Amino acid sequence: MMTLMTLPNDWEGMPAAFIEGALLAANANPKPLEPEIWLPVLLEDNMEGSNVELSDEHKLAVLNHFELQYRHIKAGEYDLPAEVSWTAEQGISESMMHFAEGFLSVWPHIEPAWAEQTLSDGTMNMLSALITTLMLVMNEEETLAQMQAAGIDNMPAPASLYPQLEIMLTEVVMAADELQIGAGAVAVNPYKNIGRNDPCPCESGKKFKQCCGK
């Protein structure tokens, strides 16, 4: 099972559950997206209108987790961390709400790229179900009221959607990856500023060229 990012001791940004959701949104982009576009979302001050930048050390830690998350999904090994998973016993936890907020905070940077794609009905339905489910996690009562006001009456019970969140997320990320590959896009390299002889950011103790930089 994937674990939440271990935050540096001097971290002053959003909680780890928020970061997990934000990074999944960034991984769900059907076009390459420079990390500098979405990284500011991870700092609480920026959510309040400031313009603070991550330190190089913190940026590297975040991008390392971003890459790890992507590799787990590509290998079919991604499981939602327990803290942000839904169970009938605990319902929607505070961490799960942070997770949904993180994804939806990055989503405005991702949505335009999806709008440009020609999608199959299956992918379109999965994407719609994902965003709806995350909105329900954030505020179930308000989201249901908005849907009823929009004339959507055949909505599945939220409790039937929450257990499917992990499947929705992985399917959407994989669909985004296939769209990038199909378009011949060159993925943004989060390690572009790391020298081949530098220590690998995965903390294996090896040089970058002998580890993740192969």
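**View 1. Histidine 65 in helix α4.** Histidine 65 is part of helix α4 in this predicted model (helices are DSSP runs of H or I with at least four residues, numbered from the N terminus). The residue is buried, with a relative accessible area of 8%, where buried means under 20% with a 1.4 Å probe and protein chains only. A polar contact of 2.8 Å joins the side chains of histidine 65 and glutamate 20 (a pair of N or O atoms within 3.5 Å, one able to donate a hydrogen and the other to accept it). Apart from neighbours within four places in sequence, histidine 65 is in contact with Met2, Thr3, Leu4, Met5, Glu20 and Leu23 (heavy atoms within 4.5 Å).

**View 2. The crossing of α4 and α9.** The axes of α4 (residues 56–74) and α9 (residues 165–182) come within 10 Å and cross at roughly 95°; axes are lines fitted to C-alpha atoms over the stretch in contact, with angles from 0 to 180 degrees between N-to-C directions. The two helices are therefore roughly perpendicular (65 to 115 degrees). Tyr70, Ile73 and Lys74 of α4 meet Thr170, Val173, Met174, Asp177 and Ile181 of α9.

**View 3. The buried residues of α9.** Among the buried residues of α9 are Leu165, Met168, Leu169, Val172 and Gln180. The buried residues of this helix pack against α1 (16–27), α4, α5 (94–115), α6 (121–138) and α8 (158–161).

**Notes.** Residues are numbered from 1 along each chain as its sequence is written, and side-chain values use heavy atoms, without hydrogens or water. The model is predicted: local features need pLDDT of at least 70, side-chain atom pairs count only at pLDDT 80 or more, and totals for chains, interfaces and linings use all residues.

Key. Parallel < 35°, antiparallel > 145°, perpendicular 65-115°, else oblique. Buried < 20%, exposed > 50% of the residue type's maximum accessible area, 1.4 Å probe, protein only.
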